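User: I would like to learn how to read the packing features of a protein model. Please take me through them one by one.
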Amino acid sequence: MSLLFYNIFLWLYKMGIYAASLWNKKAAKWIAGRKNIFQKIENNINTDRPVIWFHCASLGEFEQGRPLMEKLRKEYSQHSIVLSFFSPSGYEVRKNYAGADYVFYLPYDSKKNAARLLNLLKPALVVFVKYDLWYYYLYETGKRNIPLLLVSSVFRRQQSFFKWHGAIQRRMIRFFTHIFVQNEESKLLLKKAGIEKCSVGSDTRFDRVAEIAEQFRPIAEIEKFLNGKKAIVAGSTWKEDELQLHKISSSVFATGCKLIIAPHEIDESNLSYIQSLFPNAVLFSCLQKEAAHANCLVIDNIGMLAQLYKYAWVSYVGGGYTKDGVHNVLEPAVYGKPVVFGPNYSKYREAIDLVKSKAAFSFSDAQQLQEILNSLLNNQQLYATAATAAGDYVKKNKGATEKIIAWIQAKRLLTN
């Protein structure tokens, strides 16, 4: 893709967002959040302190970059941390994040906007998390010789970076001062593409989930709902996931096990759909007055899931039937819980690794899911092996944050 085609893509994307905003709330927020954005930034940025700028596509990338963000804030306390999001699903949830001095939407990518933003921020360091690469922001940062890092990234042979039409993506990658990838395969792919400024730094998500597990606090409402019974905790579920759970629910309930569902979307229509599948379900917000005979609990808030997995007997991670694939399997694994998910997980190294180590199990339909659950219920050795392997996998892969911090310190990119 040439720069001309990239600019055409940007224009078409922007027009598409404006058109979608007529009926799509997320698109409308994308536009509204960027209104007068430079004035908002100018009014809120503290220009008396050097800035470390983090950019994340959405909420998942934020959680991935959070351990590094918080470690840098601690190590370089005289710096301001500013955080940008591309997507409303990240910004709207974390716009009041206390670990950053200012949180904002990334302005639309253009040569003018990139220069204007960098003139305002004057960052001492720029960190992009995983992906969401925008040409003009990267170009302008590189042109000004500002240290620019890409962390926790992962590359696959099928990506456009490594195709004949991926020239501009490869140009973007070359603007980075250094790239920390999750695995050796990613490093080799970049090397074949002529990109040497790269090292294997693992994935900061391991550090994040370990931190969440260490900070676990009991949730009294959940403990009262379970009343000592086992639970399947299904997180980040989509409609197809919920349908599979519905098909096996009678068997699950017959064993005395309860079901907790934390759906990916918690809008009213989706919650109504789930309640139509599980007539005896109760919403978490109504738990106090309706829980007496419920065997299914639906979480209608955001932010509780990572703690909920602690209560799982088995964890079901959603997304395995979607195009993008399964969601974060590390969140339940850190608690030493066997994990199950749908068939689409090939993009995610951690899901592949957990399946190989028999800590996780993938299924294609409800019948296979039922068979897996029956095996885990009736074979204590299988269950114990899976649980131990899950917890050990997270412990073994921690430490990405410390590696990146050590590299920053060795290169003297920031000064105290």
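Analyst: Start with the aromatic residues: Tyr6, Phe9, Tyr13, Trp30, Phe86, Trp134, Tyr135, Tyr136, Tyr139 and Phe175 form one aromatic cluster. Rings of Phe, Tyr and Trp (its six-membered ring) pair if their centres lie within 6.5 Å; planes under 30 degrees apart count as stacked, over 60 as edge-to-face and the rest as tilted. This is a predicted model, in which local features need pLDDT of at least 70 and side-chain atom pairs count only at pLDDT 80 or more, while totals for chains, interfaces and linings use all residues. Residues are numbered from 1 along each chain as its sequence is written, and side-chain values use heavy atoms, with hydrogens and water left out.

User: How many aromatic pairs does that rule give, and how are the rings of Tyr135 and Tyr136 arranged?

Analyst: A pair of aromatic rings is described by the distance of the centres and the angle of the planes. The count here is 28 aromatic pairs. The ring centres of Tyr135 and Tyr136 are 5.3 Å apart and the planes stand at 90°, so this pair is edge-to-face. Phe155 and Phe161 also form an edge-to-face pair, with 5.2 Å from centre to centre and 85° between the planes.

User: Are Tyr135 and Tyr136 buried or exposed?

Analyst: Buried means under 20% relative accessible area, exposed over 50%, and partly exposed in between (1.4 Å probe, protein chains only). Tyr135 has 4% relative accessibility and counts as buried. Tyr136, at 10%, is buried too. Phe155 and Phe161 are both buried.

User: Which residue lies over the face of Phe225?

Analyst: A charge sits over a ring if NZ of Lys or CZ of Arg is within 6 Å of the ring centre and within 35 degrees of the ring normal. Lys258 lies over the face of Phe225, 4.3 Å from the ring centre. Lys310 lies over the face of Phe216, at 5.6 Å from the ring centre.

User: How many disulfides does the structure hold?

Analyst: A disulfide is a pair of cysteine sulfur atoms within 2.5 Å. The structure holds zero disulfides. For Cys56, the nearest cysteine sulfur belongs to Cys198 and is 19 Å away. Cys56 is buried, with a relative accessible area of 0%. Cys296 is in no disulfide either; the nearest cysteine sulfur is that of Cys257, 11 Å away. Cys296 is buried at 1%.

User: Which residues touch the most other members of the largest nonpolar core?

Analyst: In soluble globular proteins, nonpolar side chains tend to be buried together. A nonpolar core is a set of buried Ala, Val, Leu, Ile, Met, Phe, Trp, Tyr and Cys residues joined through side-chain atoms within 4.5 Å. The largest core has 76 residues, of which Trp53, Phe54, Leu72, Leu83, Ile179 and Ile408 touch the most other members. Contact means heavy atoms within 4.5 Å. Leaving out residues up to four places away in sequence, Ile408 touches Leu72, Tyr76, Leu125, Leu149, Leu413 and Leu414. A second, separate core has 75 residues, including Val233, Ile299, Leu354 and Leu373.

User: Which way do the side chains of strand β1 point?

Analyst: In a regular strand the side chains alternate between the two faces of the sheet. Helices (H or I, at least four residues) and strands (E, at least two) are DSSP runs, numbered from the N terminus. From β1, Val51, Trp53 and His55 point one way and Ile52, Phe54 and Cys56 the other way, and all are buried. Six of the six residues of β1 (residues 51-56) are buried, so the strand is largely enclosed by the rest of the structure.

User: In what sense do β1 and β2 pair?

Analyst: Two strands pair if DSSP finds at least two bridges between them. β1 and β2 (residues 80-85) pair in the parallel sense over six bridges. The bridge partner of Phe54 in β2 is Leu83. Strands β8 (residues 231-237) and β9 also run parallel and are joined by six bridges, where Gly235 has Ala262 as its bridge partner in β9.

User: Where are Asp132 and Lys358 found?

Analyst: Asp132 is in the loop between β4 (123-129) and α7, and its phi is near 65°, a positive value in a residue other than glycine. Asp132 is buried, at 11%. Lys358 is in the loop between α17 (349-356) and β14 (360-362), with phi near 65°. Lys358 is exposed, with a relative accessible area of 53%.
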